[in-house]
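Please look over the sequence and the fold below, and then follow the text from a single side chain to the packing of the helices.

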Amino acid sequence: MSRQVEEDLEDSETDEQPEAHGVRAWALPLVLIALTFGTTLWAGAGMHGVDVGSATDLWRGWDFAVPLMGILLAHEMGHYVMGRIHGVDISPPFFIPMPFALLGTMGAVIRLRGAIRSRDALLDVGAAGPIAGMVVALPVLVYGILTSPIEALPAAGGNYILEGHSMLYAGLLYALKGPIPEGMDIMLSPTALAGWAGLLVTMMNLLPVGQLDGGHVAYALFGPRQNVFARRVLMALPLVSVLTGAYYAGVAALAGVRGWALVWELGAGVHWLVWFGVLQVMVRLSGLDHPEAGTAPLSSRRRVVAIGTLVLFVLLFMPSWVRNG
């Protein structure tokens, strides 16, 4: 999952910044990108039921790994390129390979190693990642949905996973597949899953808290008032988790679901609780209050971009990320 962690540098260190963007600075990031491509290939091969034993077997996962890495690289390079344009001391992206995770990766981390001096620059750097990622994710998802079949759900007691639905995802699904009959659902291809994951990662990063992309965008728009709002958003996440679980459990109970199946429904919002824990660690490391970024308000054009980016978060919001069917 992408995030920016502020690290203030002393003035005496500024003469080292050119080295931060040289060949040495990219050595580890490029190794991590290669490793993450390998772990996403592994995850994609597993989606085809392939027991990887050779490079040929591993390449079976290309239809998941290539689009997912394309989305993540576009997101991270959006931040990096815009940061360089504004003269910000920004690191290359550090990808996190996770061979046994569902997606094969936990996203990437970019470090901002100095303050951003204007709200216009902060908005550009913060919004560039989500916008660039969505430019790739949307056509990937559209193609994936069009090539994914609508099939009957497994019989009661079957073990399957239901992906979360946001307003944007639900709208695309309806526009491309029409109304889905009761007892049936779309069976996402690996490519469709990669596109859906792009929406999820973008949503997670657009949460208007701390050093997340959404925190940068909201601070650029609202200034120091964002610090109060960020605290309220962060403390609301456990409540979102509880309410999501209660909703899905209530719907299931009314449908006659009982026993462990009902208990599983109560956990439909547990991902928000996990994300709350991750953000608590981030806050302890970098602080919840956003560093100052100048006093001049956003230009009118960038204000439109900022509002549009926050609206995108609403369109991407998934009460439940994934749950057992």
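**From one arginine to the core**

R302 is buried, because its relative accessible area is 16% and buried means under 20% relative accessible area, with a 1.4 Å probe and protein chains only. This is a predicted model, in which local features need pLDDT of at least 70 and side-chain atom pairs count only at pLDDT 80 or more, while totals for chains, interfaces and linings use all residues. Residues are numbered from 1 along each chain as its sequence is written, and side-chain values use heavy atoms, with hydrogens and water left out.

R302 belongs to helix α12, residues 300-316, where a helix is a DSSP run of H or I with at least four residues, numbered from the N terminus. Leaving aside residues up to four places away in sequence, R302 touches H86, D120, L123 and D124, a contact being heavy atoms within 4.5 Å.

The largest nonpolar core has 46 residues, of which M203 and L207 touch the most other members; such a core is a set of buried Ala, Val, Leu, Ile, Met, Phe, Trp, Tyr and Cys residues joined through side-chain atoms within 4.5 Å. Among the elements that give two or more residues to this core are α2 (23-47), α7 (190-205) and α12, and α7 gives the most, with 9 residues. Beyond residues up to four places away in sequence, M203 touches W272, F313, L316, F317, M318 and W321.

The 25 residues of α2 should span 36 Å at 1.5 Å a residue, which agrees with its end C-alpha atoms being 36 Å apart; the expected span is 1.5 Å times one less than the number of residues. The buried residues of α2 include W26, P29, I33 and T40, and the helix is followed by G49, whose phi is positive, near 75 degrees.

Terms used. Buried means under 20% relative accessible area, exposed over 50%, partly exposed in between (1.4 Å probe, protein chains only).
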